[in-house]
Amino acid sequence: MQLPSLHYKGNVEKKMTLHIFLQIMGKVRLKMTPRKNHWWYITEYIGTTGFTTGPIPYKSGTEQFDITINVKKHQLEVNTSEGHSEHFPLHNSLTVAAFYQNLMKMLQKANISVSIVDVPFDLDIDKPFDEITEYHHYDQDYTHKLWKTMLWTSNVFKEFSGRFYGKTCPVHLYWHSMDLVVTRFSGHEAPPMPADARISDKDAYSHECISFGFWAGDENVPEPAFYSYTFPAPDGLEKETIKPTSAQWIDNNGSPMALLKYKDLVNTEDPRKELLAFLESTYLAGAKKANWDIEKLKVPDLKEM
């Protein structure tokens, strides 16, 4: 498979529009889904047609519905387990305000009652969703390329995830920063975070972990990239050798983060092999320096079964 060309520069408004759409969907899931450790209950997924919430319970848990950005038909869809189905088209003149209002109307029509905190989270936008008209840049080509990239990445992450016996999160999309993530845990508690730390961070980092992800770029790293970090970051982590040779350690708020730029992967002879090498090498670097029981947590080769 030839991976699609994907860029951050030139697509900032397109990415932000999609990001806010996903936050609105994610906030509905957050409000209606029973709590699970490390915020795993609020996340979204890469599905066969696009970006989806997956099943969300309603009617006291007797029924389910989902919300999906269908990037093949370029429409927002709501489907329920009772057979109700609604959709509206996504296009480059659809404002965030209209997206939010249309979704809320569809949910009401399906007899789904929900009230969310209706402002973006951590995006430096201080107005409610139904007043955001400056972002109206849904782009079919960009969104389809991002979905195809994340679909491929999700499959590689799932293969990597299956090599570990310890607690591992599903491969899922955090709508906070719009990154696709899989995380491994050592089984040990992490040191307590500062009292003034955000509640989201306190629950996400209650235990030692090594996290791996992909995101579409931001102002700090203005291009799509894969990353890995160990929490808490052990001393000397940034001195460990990682693969492929194009990967590097960077500083991330005072802690080392491994980075593999998407553009350095996309045209290699075997991108899947290169990405798996990045995941394995950064895991071993973090697990070694943090004194994880690597052999105990390793799934043996099952090819002979």
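Welcome! Asp201 has a relative accessible area of 23%, so this residue is partly exposed; the label covers the range in between buried (under 20%) and exposed (over 50%), using a 1.4 Å probe and protein chains only. Arg198, the salt-bridge partner of Asp201, is also partly exposed, at 36% relative accessibility. The model is predicted, so local features need pLDDT of at least 70 and side-chain atom pairs count only at pLDDT 80 or more, while totals for chains, interfaces and linings use all residues. Residues are numbered from 1 along each chain as its sequence is written, and side-chain values use heavy atoms, leaving out hydrogens and water.

**Salt bridges**

- The structure holds 14 salt bridges, each being a side-chain nitrogen of Lys or Arg within 4 Å of a carboxyl oxygen of Asp or Glu.
- In the bridge between Arg198 and Asp201, the closest N and O atoms are 3.7 Å apart.
- Lys261 and Glu223 form another salt bridge, with 3.6 Å between the closest N and O atoms. This pair links distant parts of the chain, 38 residues apart: Lys261 lies in strand E12 (residues 255–261) and Glu223 in the loop between E9 and strand E10 (225–231).
- The two partners fall in separate accessibility classes: Lys261 is partly exposed at 22% relative accessibility, whereas Glu223 is buried, with a relative accessible area of 16%.
- Glu240 and Lys288 meet through their side chains at 3.5 Å, N to O. Here too the pair links distant parts of the chain, with Glu240 in the loop between E10 and E11 and Lys288 in helix H6 (residues 271–289), 48 residues apart.
- Glu240 counts as buried because its relative accessibility is 18%.
- Glu159, Arg163, Arg272 and Glu280 are joined in a network of salt bridges.

**The six-stranded sheet**

- Helices (H or I, at least four residues) and strands (E, at least two) are DSSP runs, numbered from the N terminus, and two strands pair if DSSP finds at least two bridges between them.
- Six strands make an open sheet in the order E7-E8-E9-E10-E12-E11, with antiparallel pairing. Strand E7 (172–174) and strand E11 (248–252) stand at the edges with a single partner strand each, so one side of each is left without a neighbour in the sheet.
- From one strand to the next, the twist averages 35°; the angles, from 0 to 180 degrees, are taken between N-to-C directions of axes fitted to C-alpha atoms (for helices, over the stretch in contact).
- Strand E8 (residues 179–189) and strand E9 (residues 207–215) run antiparallel and are joined by 8 bridges. Leu180 stands opposite Phe214 in E9.

**Glu208, a buried charge**

- Which strand holds Glu208? Glu208 sits in strand E9.
- Glu208 is buried yet has no salt bridge, and the nearest side chain of opposite charge, Lys167, is 12 Å away.
- The side chain of Glu208 does make a polar contact with the side chain of Ser186, at 2.7 Å. Such a contact is a pair of N or O atoms within 3.5 Å; within protein, one must be able to donate a hydrogen and the other to accept it, and residues adjacent in sequence count only if both atoms are side-chain atoms.
- Beyond residues up to four places away in sequence, Glu208 touches several others, including Arg184, Phe185, His188, Phe231 and Trp292; contact means heavy atoms within 4.5 Å.

- Strand E5 (residues 75–80) is largely enclosed by the rest of the structure, because 5 of its 6 residues are buried.
- Strand E4 (residues 63–70) pairs with E5 in the antiparallel sense over 6 bridges, and Phe65 stands opposite Thr80 in E5.
- The hairpin of E4 and E5 has 4 residues between the strands, and His74 there takes a positive phi near 55°.
- E5 also pairs antiparallel with strand E6 (residues 85–89), over 5 bridges; Leu76 has Phe88 in E6 as its bridge partner.
- In the hairpin of E5 and E6, again with 4 residues between the strands, Gly83 takes a positive phi near 95°.

**Lys109**

- Lys109 belongs to helix H2 (residues 96–109) and is exposed, with a relative accessible area of 55%.
- Apart from neighbours within four places in sequence, Lys109 is in contact with His84 and Glu86.
- The C-alpha atoms of Lys109 and Lys296 are separated by 52 Å, with the two residues 187 apart along the chain.

Technical notes. Lys, Arg positive; Asp, Glu negative; His and termini not counted.
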